[in-house]
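Colleague: I am new to this structure. Please take a close look at one part and walk me through it.

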Amino acid sequence: MRGVIRVRQALYRTDGKLQLGRVKSDGSERAVAVPDACRTALEEHRAQQDKEAKEAAGKAWNDHGLVFTTKIGTPIEPRNINRHFATLCDRAGVRRIRFHDLRHSCATLLYEQGVPVEHVQDVLGQSSPTITKLIYVDVTERVQRTAVDRLNFLWTTARKGAVGVRRGGQRGGRLRPPRSFRLVKQGGPPGDRTQNPRIKSPLLCQLS
């Protein structure tokens, strides 16, 4: 399938040297879909690498099948990536973060776009959606707030239907329930007990 990155190996430091090896666990080996724009950018970079970098390195080129490499095809030192990324942050005028934090930025953007947390979990390769929610609890709260704020129209509608209406139909004076509400049951004489034990209020209203 096009537009999918398959995670099969990781970069480790062993005896002071960088080496490629298998991922930590079977769960870490996964397929991650990427946007078409990202796929196109990766393909263009790979084409440029084949045309320029390999020719410049000549016989010194080490072909590991990597897209991002040093000038001779070897894995990039992680500390160099962090330094270069810090320079890019400064150039863009944004707060410095760790390169690894881009993973969290991606998850946050996906979650705020309405992507289910289970799908975000798959992208991150985490073992449980519960872990994902705990890590992004602040994002979860913002999404929940946006969701419940959509219920504000209920109170707005009720206020608009009741403002300034008296029982005689004239404006002003004592307010009455809006027409969208219908009286269901009035409480009985003192001491009477309603036949329905779940009904506790002397005045119940429901939408007509």
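Modeller: What follows is a look at a pair of helices, with a short note on cavities at the end. Keep in mind that this is a predicted model.

Start with the two helices. H3 covers residues 101-112, and H4 covers residues 117-124. Their axes come within 10 Å. They cross at roughly 160°. Angles over 145 degrees count as roughly antiparallel, so H3 is roughly antiparallel to H4. The crossing of the two helices is right-handed.

Now the residues that meet. H3 brings Arg103, Ala107, Leu110 and Tyr111. On the H4 side, their counterparts are Val117, Val120, Val123 and Leu124. Sorted by class, this contact between H3 and H4 holds seven nonpolar residues and one charged residue. It has no polar ones. Arg counts as charged, so Arg103 of H3 is the charged member of the contact.

The model has two cavities of 30 Å³ or more. Take the second largest cavity, which holds about 30 Å³ of space. Its lining includes the run Trp61, Asn62, Asp63, His64, Gly65 and Leu66. Arg46, Gln49 and Lys54 line this cavity too, along with Thr69 and Gly73. By class, the lining has six polar, three charged and two nonpolar residues. Trp and Leu count as nonpolar, so Trp61 and Leu66 are the two nonpolar residues there.

Key:
Residues are numbered from 1 along each chain as its sequence is written. This is a predicted model: local features need pLDDT of at least 70, side-chain atom pairs count only at pLDDT 80 or more; totals for chains, interfaces and linings use all residues. Side-chain values use heavy atoms; hydrogens and water are left out. Axes are lines fitted to C-alpha atoms, for helices over the stretch in contact, and angles run from 0 to 180 degrees between N-to-C directions. Helices (H or I, at least four residues) and strands (E, at least two) are DSSP runs, numbered from the N terminus. Angles under 35 degrees count as roughly parallel, over 145 as roughly antiparallel, 65 to 115 as roughly perpendicular and the rest as oblique. A crossing is left-handed if the near helix is turned anticlockwise from the far one by less than a right angle, and right-handed if clockwise. Contact means heavy atoms within 4.5 Å. On a 1 Å grid over the protein atoms alone, a cavity is a set of points where a 1.4 Å probe fits but cannot get out, and a pocket is an open set with protein on both sides within 12 Å along at least five of seven lines; lining residues have an atom within 4 Å of a point. Grid points are joined across faces, edges and corners, and a volume is the space filled by probe spheres set on the points.
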